[in-house]
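Dear colleague,

I am passing this structure on to you, and the notes below it set out what was found. Please read them with the coordinates open.

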Amino acid sequence: MNTILMLFFSNVFMTFAWYGHLKYGHEWPLWKAILVSWLIALVEYCLAVPANRLGFGAFTGFQLKIIQEAITLTVFMIFAVTFLKEKMAWNYAVSFALLIAAAVVAFAFKPSTGVGI
């Protein structure tokens with residue numbers, strides 16, 4: 001559970017680092033947006049790297065990445081609607097549901113123990 005929480009909070013920081021300047025940073029020169037984004041992303045890395053280290057073993061590398069992507073989409077969906085004030089379109093909702101279905105498939109079956117496919 002610590003892995004999931006750390007990945008969730010790292011994704012909150014990552015989303016603000018990558019997309020937060022879209023709302024308020026248009027008057028900033030590009031170098032300032034990059035610098036502020038990198039400073040925010042530093043916090044994201046300080047959460048994501050230990051989350052993946054803690055989670056590896058309980059989860060496979062593939063599963064950790066799938067968890068991270070599902071969390072990223074969830075966080076971004078909330079961010080886009082609440083912070084950027086964008087509307088959720090039906091095709092975005094369907095796309096999101098299909099990605100969640102992909103995560104379910106990844107966790108529903110035990111991976112083989114052999115090398116490769």
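In what follows, a contact means heavy atoms within 4.5 Å. Please keep in mind that this is a predicted model.

The buried residues of α3 themselves are A33, S37, A41, E44, A48, A51 and G55. Helix α3, which runs over residues 30-55 and has 26 residues, reaches 36 Å from its first C-alpha to its last, close to the 38 Å expected at 1.5 Å a residue. Just after α3, G57 takes a positive phi of about 120°.

As for the protein overall, its secondary structure comes to five helices and zero strands, so that reading along the sequence gives the pattern α-α-α-α-α. The C-alpha atoms fill a box of roughly 55 × 35 × 25 Å along the principal axes, and 26% of the 117 residues count as buried. Among contacts with a separation of 6 or more, 80% come from residues 24 or more positions apart. The protein exposes about 8500 Å², of which carbon and sulfur atoms supply 74%.

The structure holds one salt bridge, in which the side chains of K65 and E69 meet at 2.8 Å, N to O. Because K65 and E69 are four residues apart in helix α4, about one helical turn separates them. Both partners are partly exposed, K65 with a relative accessible area of 46% and E69 with a relative accessible area of 34%.

K85, a residue other than glycine, has a positive phi, near 60°, and K85 lies in the loop between α4 (61-82) and α5 (90-108). With a relative accessibility of 61%, K85 counts as exposed, since exposed means over 50%.

Notes
Residues numbered from 1 in each chain as written. Predicted model: local features only at pLDDT ≥ 70, side-chain atom pairs only at ≥ 80, totals over all residues. Heavy atoms only, no water. Helix = DSSP H or I, 4+ residues; strand = E, 2+ residues; numbered from the N terminus. Buried < 20%, exposed > 50% of the residue type's maximum accessible area, 1.4 Å probe, protein only. Salt bridge = Lys/Arg side-chain N within 4 Å of Asp/Glu carboxyl O. Expected span 1.5 Å × (residues − 1). Areas by Shrake-Rupley, 256 points an atom, 1.4 Å probe, with all protein chains shown as cover.
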